[in-house]
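Look through the sequence and the model, then read on.

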Number of protein chains: 4
Amino acid sequence: MKTDMHLPPSLKKYKRKMAVILPKDAGAIIAYADINKESIVVEIGGGTGFLTHYLAGIAKKVTTYEVREDAFKILSKNTSHYSNLTLKNEDGKFFSEREVDAVVVDVPNSHEFVERSHSALVKGGSFVAYIPSTEQLKDTYIAADSLFREIFSISLPYYDVIVRKKGTRPANFSLMHTAYLLFARK
Amino acid sequence: MKTDMHLPPSLKKYKRKMAVILPKDAGAIIAYADINKESIVVEIGGGTGFLTHYLAGIAKKVTTYEVREDAFKILSKNTSHYSNLTLKNEDGKFFSEREVDAVVVDVPNSHEFVERSHSALVKGGSFVAYIPSTEQLKDTYIAADSLFREIFSISLPYYDVIVRKKGTRPANFSLMHTAYLLFARK
Amino acid sequence: MKTDMHLPPSLKKYKRKMAVILPKDAGAIIAYADINKESIVVEIGGGTGFLTHYLAGIAKKVTTYEVREDAFKILSKNTSHYSNLTLKNEDGKFFSEREVDAVVVDVPNSHEFVERSHSALVKGGSFVAYIPSTEQLKDTYIAADSLFREIFSISLPYYDVIVRKKGTRPANFSLMHTAYLLFARK
Amino acid sequence: MKTDMHLPPSLKKYKRKMAVILPKDAGAIIAYADINKESIVVEIGGGTGFLTHYLAGIAKKVTTYEVREDAFKILSKNTSHYSNLTLKNEDGKFFSEREVDAVVVDVPNSHEFVERSHSALVKGGSFVAYIPSTEQLKDTYIAADSLFREIFSISLPYYDVIVRKKGTRPANFSLMHTAYLLFARK
């Protein structure tokens, strides 16, 4: 399905190879986790950098882990203009950053990052997971349930609205699902 | 309908009186308009400051117009901690800011702001309108169509996913519609 | 976009040429208009018969109008096995059937059928319109508003749920919009 | 949440006590399973008869099982006007009907009905399950996967469209989820 994803010009220049996090989800991550100019952020599973672009453009300091070599090469090129961004070609399982405001994970085993993220976060900080399948959502939710103060999981379907002089209506085919977003506040 | 909107702690403290822009839409505005630490932003119709919170927390410099006195009072209190934010108790129709990266309007007559916004924006900058009704969307879309290089309008339905040991499923009632988001890039 | 529409075997045999009414909408028309074995139904704009299939398979007596010759030929072939179905190669604007339980229209000028439908319906009967655009919905809604006892308009987005041993999740791209369904009860 | 479910007048008279199957889902069950005047149908878990109303109003012969005594009493009263309907106050696990065109189950253990339903169905017949949770969907899907020729599971979110002279737009809060519908064709 070819659909215009309405990427901003900056992201249109990014090389891509694998599935990316789209602006609708990147924006929700930033807004619900309240990431701003003062934020210290750790990202696990940076892929080719579509979310990294937003995190580094907005936050004070970002550390991004990406274990796959092919992704890491593209990620490095795509985001080379950010001076507040540290990239690490590791899986991030034992990330050592502390006093962070948000940890954002986009990996298949997100539930394994819950405990370490909880330790790394400041009070009020957010653990965020980008999760395609319902099973993984459940595993991660249950792992976070006893540790965090507030947890919720949401999904943001998306549709284009076609405006023509003849008629206005939602586009026929739209993006019902990319991933669930799980947020846990410490 | 009482629903937990999952506001971040910072916004939970905000006083509110009228309809607000929720994080899902604030995040989309930031992501599709690519607003970041370097951005100069004008906001027309600040309301009680729910979007202003994000804009001022992320962008370099924000000027927010709000003509209603009751809203302006609350807006001023809610956002008093932002030093990069200028508030004006005016309707903004003749806003004089120039070389801005984004103009975001949340007013009933958004189509009347298209031309001035186009003049005020840098090349590549974005005009964004938050629009509840289909008729207003059409008016604004048509007004922007001849001036801007790229236009699109989207909507982001939202649903909570309930995770319980017994069963995982979307919440029954969800937020199908808040507003259409129209983006026009110069 | 190639998507399996999960048509029942009977409809898979139908020839098609133009846009069809899908089972999700046909089912909603039948359920909200409460069409059953006792119903007398008039259909305006039969197309190639995808809705006609359901109406004739369920109701007591169906009269279907289709003015386009190419569609009428296909419609005639597709539905030749129904003995309770009368097909008319006319636009239906002056349909003369009376004491009918439901009038279902799928034509671009549905608002022009409101008054005659109201006259033709029994008390408690339903006028139903299948309407792709918001403008047409509004025109038809306003035309029906003063005549009918109860009016509502709905839309049924649709998504496939992918079940795999590895993971269960909504399909990425789904059918957000086919048409609005307007129901007016006399 | 009080929302007008737009029930037809016939169903508004029905007494209710527990969750019911709404017209949007009843219609989809009928349309995708292609239930019509010639159909022989078995329903497991009739509840208070909201789906039974449609099945008995449309099909040739319906047998409905409901094991709960309180539901059965209401079901009996609500549907007493159907002469083609047989009600049984049993759980239906060992239903003995054969050569049926459709088996529709609305029970928490729907996966346990897959095998018997397969045996009971004619070639081309449909097993249908109304399933609130993702876990139950998966269990039932997997149980049906090896036996049936074609399986799919869908969901139909629903929204009202508000039409006012001032503005047309989707209702804010809508019914995102009632249940998944699983269809398996023999």
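## Where the two chains join

S155(A) stands opposite Y159(B) in β7(B). This is a predicted model: local features need pLDDT of at least 70, side-chain atom pairs count only at pLDDT 80 or more, and totals for chains, interfaces and linings use all residues. Residues are numbered from 1 along each chain as its sequence is written, while chains are lettered from A and ligands numbered from 1 in the order in which they are written.

Strand β6 (residues 150-155) of chain A and β7(B) pair in the antiparallel sense over two bridges. Two strands pair if DSSP finds at least two bridges between them. Strands (E, at least two residues) and helices (H or I, at least four) are DSSP runs, numbered from the N terminus. Next, β7(B) is joined to β8(B) by three bridges, and these two run antiparallel. There V161(B) faces P170(B) in β8(B).

| Strand pair | Sense | Bridges |
|---|---|---|
| β6(A) and β7(B) | antiparallel | two bridges |
| β7(B) and β8(B) | antiparallel | three bridges |

## The shared sheet

Nine strands form an open sheet with mixed pairing, in the order β3(A)-β2(A)-β1(A)-β4(A)-β5(A)-β10(A)-β6(A)-β7(B)-β8(B). At the edges stand β3 (85-88) of chain A and β8 (168-170) of chain B, each with a single partner strand, so one side of each has no neighbour in the sheet. On average, neighbouring strands of this sheet are turned by 20 degrees against each other, direction ignored.

Helix α2 (residues 23-32) of chain A packs on the sheet. This helix touches β4 (100-105), β5 (121-131) and β10 (180-185) of chain A, and its direction makes about 15 degrees with that of β10(A). Axes are lines fitted to C-alpha atoms, for helices over the stretch in contact; angles run from 0 to 180 degrees between N-to-C directions.

The contact takes 37 residues from chain B and 37 residues from chain A. Residues are in contact if their C-beta atoms, placed from the backbone, lie within 7 Å. On the side of chain B that touches chain A, α2(B) gives the largest share, eight residues. Of the interface residues of chain B, 100% are also interface residues in chain A, so the copies meet through the same surface.

Methods: Two residues are in contact if their C-beta atoms, placed from the backbone, lie within 7 Å.
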